[in-house]
Amino acid sequence: MANVISDETIEYVGILAKLELSGAEKENAKQDMEKMLDYIDTLNELDTAGIEPMSHVFPVNNVFREDVVTNGDGHEAALANAPKQKNNSFEVPKTIG
Amino acid sequence: MAKQYETVIGLEVHVELATKTKIFCGCSTEFGGAPNTHTCPVCTGMPGSLPVLNKQVVEYAMAVGLATNCKITQVCKFDRKNYFYPDNPQNYQISQLYLPIARDGYVEIEVGEGKKQVRIHEMHMEEDAGKLIHDEWDDSSLVDYNRSGVPLIEIVSEPDMRSSDEVISYLEKLRLIIQYLGASDCKLQEGSMRADVNLSVREVGAAEFGTRTEMKNINSFKAIARAIEGERARQIELIEEGRQVIQETRRWDDNKESSYAMRSKEDAQDYRYFPEPDLVPIVISDDWIAKIKSQQPELRTEKLERYKNEFAIPQYDAEIMTGSKTMADLFEATTAICKKPKKVANWLMGETLRLMKEHAIEADDLKFSPENLAKLVLLTDAGDINSSVAKEVFEKIFTDDIDPEQYIEEKGLKTVNDDGALKSAIETVIANNQKAVDEYKGGKEKAIGALVGQTMKAMQGKANPAKVNEMLREMLK
């Protein structure tokens with residue numbers, strides 16, 4: 001139980017995740033994150049010296065597709081669950097960046 | 001004395017690859033489809049969908065890497081770049097951070113006093129985002145995911161450029177290489193080539209770089225030059241006033257000719273990259289690299305030398321003919337038909353460049369066919385039309401790609417080679433222009449010009465001026 005998540009960290013993570021958290025939610029999130037980091041500390045007890053970092057769990061490389069069009073007009077399916085749509089497009093709150 | 005400042009510039013260039021399908025799914029990359037018609041569960045980020053890498057993307061990226069003297073990363077992989085924005089349906093972009101496809105290259109650019117190397121730090125593959133259209137009337141934005149998942153390579157240079165001229169030379173060089181490889185059409189206006197400019201200033205002689213800013217949204221060579229000048233001036237002013245340059249991303253507004261800070265503190269740039277678990281690593285063998293190398297088409301430098309040798313055209317002509325892939329293709333195809341390389345080059349350098357300027361278009365937008373230009377060259381060469389008619393016909397070829405044979409037939413522009421008709425026209429001109437005739441006979445050589453002009457007019461421009469000149473002199477003896 002060594003890890004302590006500061007108020008600043010929880011605030012920052014909230015900004016990155018675009019979440020507005022209430023005071024109580026922040027406290028809960030802090031405790032969850034502390035527990036997660038403690039768990040990672042357990043893993044860190046293993047000696048990994050000399051072990052090459054693994055980039056994938058499967059011993060498989062080079063899975064490719066050829067450059068051939070296989071999909072047709074997908075707009076109906078794509079928009080089927082859109083909360084709002086207009087002109088064949090997803091309608092979202094005005095975003096300029 | 002006022003302090004002297006040096007501008008230090010590095011570029012991040014995004015290039016849309018010319019594949020038929022997206023990077024991770026079989027959706028078409030064709031430009032201009034109705035919104036969201038080129039989409040599927042993969043490129044709209046639906047839960048449970050899995051990306052599969054397009055092999056052609058890797059091959060194009062390798063080809064560009066090799067042509068820019070990079071080392072290919074023989075074990076490379078993708079990473080997730082996390083950010084939330086409506087143009088990004090997965091809430092992450094699949095990109096490469098730790099093991100990009102190519103590194104440590106350079107391109108050579110021409111600068112005032114010679115050549116200079118601009119080093120390439122790295123080149124990575126990634127997917128493009130969707131497009132946001134802002135509704136003018138509603139308080140909403142519309143999202144089109146047709147572009148989501150279109151393959152990009154991002155080419156990151158070292159901060160090796162010192163002026164907007166060097167930046168433009170570098171971009172033109174990259175564009176030529178990539179176009180010649182066929183890996184992209186590199187159209188700045190259409191967004192298939194986009195440049196972000198990292199710029200800082202420092203006092204001449206300073207060892208350390210100043211604080212840099214990144215400018216986005218620059219989509220023409222002219223805008224790049226203006227953005228660089230504008231940002232340089234802004235940073236110098238801050239420094240002179242004793243204020244700090246803040247490291248930030250700025251958006252260039254070419255209409256206002258100024259930039260503004262893009263991301264506020266609420267949008268901290270912390271992408272929390274991690275290895276992409278949905279894609280397996282790419283292992284590139286020596287054989288694969290050798291194969292891509294062997295398929296490399298002739299690049300500009302080689303083409304330029306070949307044109308000088310094979311077609312016996314001067315250095316200057318060869319430089320212009322190889323200045324864009326379209327121009328080179330047009331030159332070669334036309335020459336193959338009419339076998340008059342120097343004459344073809346003259347049309348492409350003279351009238352073509354003049355009309356391109358007049359119509360404000362780039363070489364890539366040229367629409368006329370080599371067949372029609374070849375016909376025009378042959379018609380002119382055979383003396384069937386004179387040079388002023390040829391220019392008129394060429395304008396029609398340039399704008400409407402007309403068939404010159406048909407056109408001169410319809411308009412009756414063919415040079416009259418009937419000596420009788422020409423002779424009687426000259427007789428009339430001599431009879432009606434006594435003054436000029438007397439002047440010529442009195443030794444005023446220039447007076448012949450007026451008589452040639454009158455005869456050409458009488459022949460409605462359809463005579464060969466050299467021949468008119470010759471006959472006039474003969475008849476005035």
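In what order do the strands of the open sheet of 4 strands follow one another? The order is S2(A)-S3(A)-S10(B)-S9(B), with antiparallel pairing, where strands (E, at least two residues) and helices (H or I, at least four) are DSSP runs numbered from the N terminus, and two strands pair if DSSP finds at least two bridges between them. Strand S2 (85-86) of chain A and strand S9 (131-134) of chain B stand at the edges with a single partner strand each, so one side of each has no neighbour in the sheet.

This is a predicted model, in which local features need pLDDT of at least 70 and side-chain atom pairs count only at pLDDT 80 or more, while totals for chains, interfaces and linings use all residues. Residues are numbered from 1 along each chain as its sequence is written, and chains are lettered from A and ligands numbered from 1 in the order in which they are written.

Within the sheet, strand S3 (residues 89-93) of chain A pairs with strand S10 (residues 140-144) of chain B in the antiparallel sense over 4 bridges, and A:Val92 has B:Ser141 as its bridge partner in S10(B).

Elsewhere in chain B, strand S5 (residues 79-82) runs antiparallel to strand S16 (residues 274-275), joined by 2 bridges, and is also joined by 4 bridges to the antiparallel strand S6 (residues 92-95). B:Asp79 takes part in both pairings, with B:Pro275 as its bridge partner in S16(B) and B:Ser95 in S6(B).

Turning to a helix, just after H9(B) the residue B:Gly383 takes a positive phi of about 80°.
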